[in-house]
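Open the model in your viewer and keep the selection panel at hand.

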2 protein chains.
Amino acid sequence: MSASVRSDAFSENRLLAELPDDEYERLLPSLQEVSFSLGEVVYEFGGKLDYVFFPTTSIVSLLYTMENGASAEMGLTGNDGVVGIALFMGGGTMPNRAVVQSAGAAIRMRARVLQDEFARGGQFQRLLLRYTQALITQISQTAVCNRLHSVEQQLCRWLLLSHDRVKADELIMTQELIADMLGVRREGVTVAAGRLQDDGAISYVRGHIKILDRKKLEETVCECYRVVKDEFDRLLG
Amino acid sequence: MSASVRSDAFSENRLLAELPDDEYERLLPSLQEVSFSLGEVVYEFGGKLDYVFFPTTSIVSLLYTMENGASAEMGLTGNDGVVGIALFMGGGTMPNRAVVQSAGAAIRMRARVLQDEFARGGQFQRLLLRYTQALITQISQTAVCNRLHSVEQQLCRWLLLSHDRVKADELIMTQELIADMLGVRREGVTVAAGRLQDDGAISYVRGHIKILDRKKLEETVCECYRVVKDEFDRLLG
DNA sequence: CTTCGTCTGTGCGTTAGGCCACATACGTGC
DNA sequence: GCACGTATGTGGCCTAACGCACAGACGAAG
């Protein structure tokens, strides 16, 4: 497989891009690009998955929704990861929901193909496990951050994590949806976002957030963002 | 390997107990029982591990400590799991701290032995990955619970999770330490524990908690406990 | 029995964030 | 332009939990 062929849409996902040629070649026929629209549910709690998804330009949030309807995000996956880890971790069904947080494309792979390649124990397996390890760090840090930090700090963390996984400086996302992700009230997001806007860090108009000054966000954010980012870089960089 | 030999201390850990005979036999020479004392640090943030540990009668908490010293637990491991997942997930170093929460024994295994057996891709690998999947659920639910539930509910969750992993009805643990685990103030634990004590659910005397009425705890606890327990039963039962 | 250290109980004032109720304000479709 | 639906700004009130200060209370060591 020549380098030119590797520069296709599939390789926009970092996990797929890092595969050695032989594994890539073996998987290539089983990969299809699909497009995710904003708000689309990739899978529901307890659902069985026929495919795993490697986001390229999309971002997918992992959420848990309580019995009373309240929800909170535990992590998010972009072009540095894969959606559907239970398929290779052995769980079968997923203990959470996955919702498209930023519309875009993803590469899908049949569950069976994934499992067969995983069982070969090559680089594919190692990459998936390292990603899972990074995801665990992200979820852990979300747990800690939920407990110890302010809504404003968490909003910064969320904006930065999303910004890292999207090419543009604009995020399409209402405050209502962000509130669901962070597990806080919509009004809480409004005031936090208002402060960031007053600082000139972002501008926010009806579901369109512009990152104006990333540095300001990085000054306001808690250490949780850095911990997660460093761990992703260490494990997958 | 006969069944009688399998009823040794090593098999008090559910992961080791579920190994098929050939894998168990292969690993047996590499297993040693060690004892953990209360408060002992199994590993520090960023530390490299020479061994993984399969708790038998001990419980180990996974904590994250912030720069300002505040800490919060993201999960806990008893005789149903293993401490040191980064060693087979590929991370190498651990992105958290592990502290002994309940004194007792554990089985240790050299990192290299673990990795070699993991690489064989047999039942051992499947068990470790299924456990990791269950741990992810636990951490996720901790994140959600931290965000959405009261200290009293979280205390119940923590008591029940600990009670499930210990044979006795008595837990040795000060309110101060529980507060560190839950990421709340010690006084907050005092009042929550006081209410549970008034209800007759527990009794609490200077670091000795007695579970008097488990049912009462189960009535007070949030759904998070059940979600985690069900997932552990499903994956490892 | 006394002392001292540790653990637990309690009572403030303060605050972040929840809930509720609106007031705007933008944007699309008519 | 106008109307209507959706998104955002704002305020008032309330509660859980924090921070601080200190009062018991138990337990081991002398």
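Select helix 8 and helix 9 of chain B: Q175(B), E176(B), I178(B) and A179(B) in helix 8 meet R186(B), G188(B), V189(B), T190(B) and A193(B) in helix 9. Contact here is C-beta atoms, placed from the backbone, within 7 Å; helices (H or I, at least four residues) and strands (E, at least two) are DSSP runs, numbered from the N terminus. The residues of this contact divide into four nonpolar, three polar and two charged. Nonpolar means Ala, Val, Leu, Ile, Met, Phe, Trp, Tyr, Cys and Pro, charged means Asp, Glu, Lys and Arg, and the others, Gly among them, are polar.

This is a predicted model, in which local features need pLDDT of at least 70 and side-chain atom pairs count only at pLDDT 80 or more, while totals for chains, interfaces and linings use all residues. Residues are numbered from 1 along each chain as its sequence is written, and chains are lettered from A and ligands numbered from 1 in the order in which they are written.

Next, show DNA strand C, which 18 residues surround; the closest are S150(A), V184(A), G188(A), T174(B) and Q175(B). Near means a C-beta atom, placed from the backbone, within 6 Å. Helix 9 of chain A and helices 8 and 9 of chain B each give two or more residues to this surface. Helix 9 of chain B gives the most, five residues.

Methods: Two residues are in contact if their C-beta atoms, placed from the backbone, lie within 7 Å.
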